[in-house]
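User: Hi! I'm new to this one, could you walk me through it?
Analyst: Happy to, here it is.
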Amino acid sequence: MKKDEFITQAMTTVRSDYARALGRADMESAFAAFCEVAAAELLGGGEVSLPGLGKLKVKATNARTGRNPKTGEAIEIPAGRKVVFTPGKEFKEAFRG
């Protein structure tokens, strides 16, 4: 789902009493603000809770040896950080069916 599709879907799921007060530009601004705040929190090493969905967390990765798929040559991959999603209990149960 792309940003435009997300905004459109969010607009249709907002309760009707808010739909009159909020326009598409307001929804886009809210989405941009959410992304900005979430990115800042994750860059600072924190986590972002998404109620009913799960959490976004920063996880440290260890240095390791990998392989260049083209040549098969061993390469060193440095330690780093990555963002991981941990699903919440309700979402995990709904996803399993």
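Analyst: One definition to begin with: buried means under 20% relative accessible area, exposed over 50%, and partly exposed in between, with a 1.4 Å probe and protein chains only. This is a predicted model, where local features need pLDDT of at least 70 and side-chain atom pairs count only at pLDDT 80 or more, while totals for chains, interfaces and linings use all residues. Residues are numbered from 1 along each chain as its sequence is written, and side-chain values use heavy atoms, with hydrogens and water left out.

User: Thanks! Is valine 58 buried or exposed, or in between?
Analyst: In between: valine 58 has 25% relative accessibility, so it counts as partly exposed. Its place is strand β2, residues 54–61. Helices (H or I, at least four residues) and strands (E, at least two) are DSSP runs, numbered from the N terminus.

User: What is valine 58 in contact with?
Analyst: Leaving aside neighbours within four places in sequence, valine 58 is in contact with Leu42, Gly45, Gly46, Arg81 and Lys82. Contact means heavy atoms within 4.5 Å. Arginine 81 is 23 residues from valine 58 in sequence, yet their C-alpha atoms are 6.5 Å apart in space.

User: And valine 37, where is that?
Analyst: Valine 37 sits in helix α3. With 60% relative accessibility, valine 37 counts as exposed. Its C-alpha atom is 9.2 Å from that of valine 48, eleven residues away along the chain.

User: Stepping back, which elements does the chain have, and in what order?
Analyst: There are four helices and five strands. Starting at the N terminus, the order is α-α-α-β-β-β-β-β-α.

User: What about the overall dimensions?
Analyst: The C-alpha atoms fill a box of roughly 60 × 30 × 30 Å along the principal axes. The chain's radius of gyration is 19 Å, whereas a compact globule of 97 residues would have one near 13 Å. That radius is taken over C-alpha atoms, and the globule rule is 2.2 Å times the number of residues to the power 0.38.

User: How much of the chain is buried?
Analyst: Of the 97 residues, 12% count as buried. Helix α4, residues 89–96, has eight residues and zero of them buried, so α4 lies largely in the open.

User: What about phenylalanine 85 and phenylalanine 91?
Analyst: Their ring centres are 6.3 Å apart and their planes at 80 degrees, so that pair is edge-to-face. Phenylalanine 85 is partly exposed at 38%, and phenylalanine 91 is partly exposed at 29%.

User: Which residues form the aromatic cluster?
Analyst: Phe85, Phe91 and Phe95 form one aromatic cluster.

Terms used:
Rings of Phe, Tyr and Trp (its six-membered ring) pair if their centres lie within 6.5 Å; planes under 30 degrees apart count as stacked, over 60 as edge-to-face and the rest as tilted.
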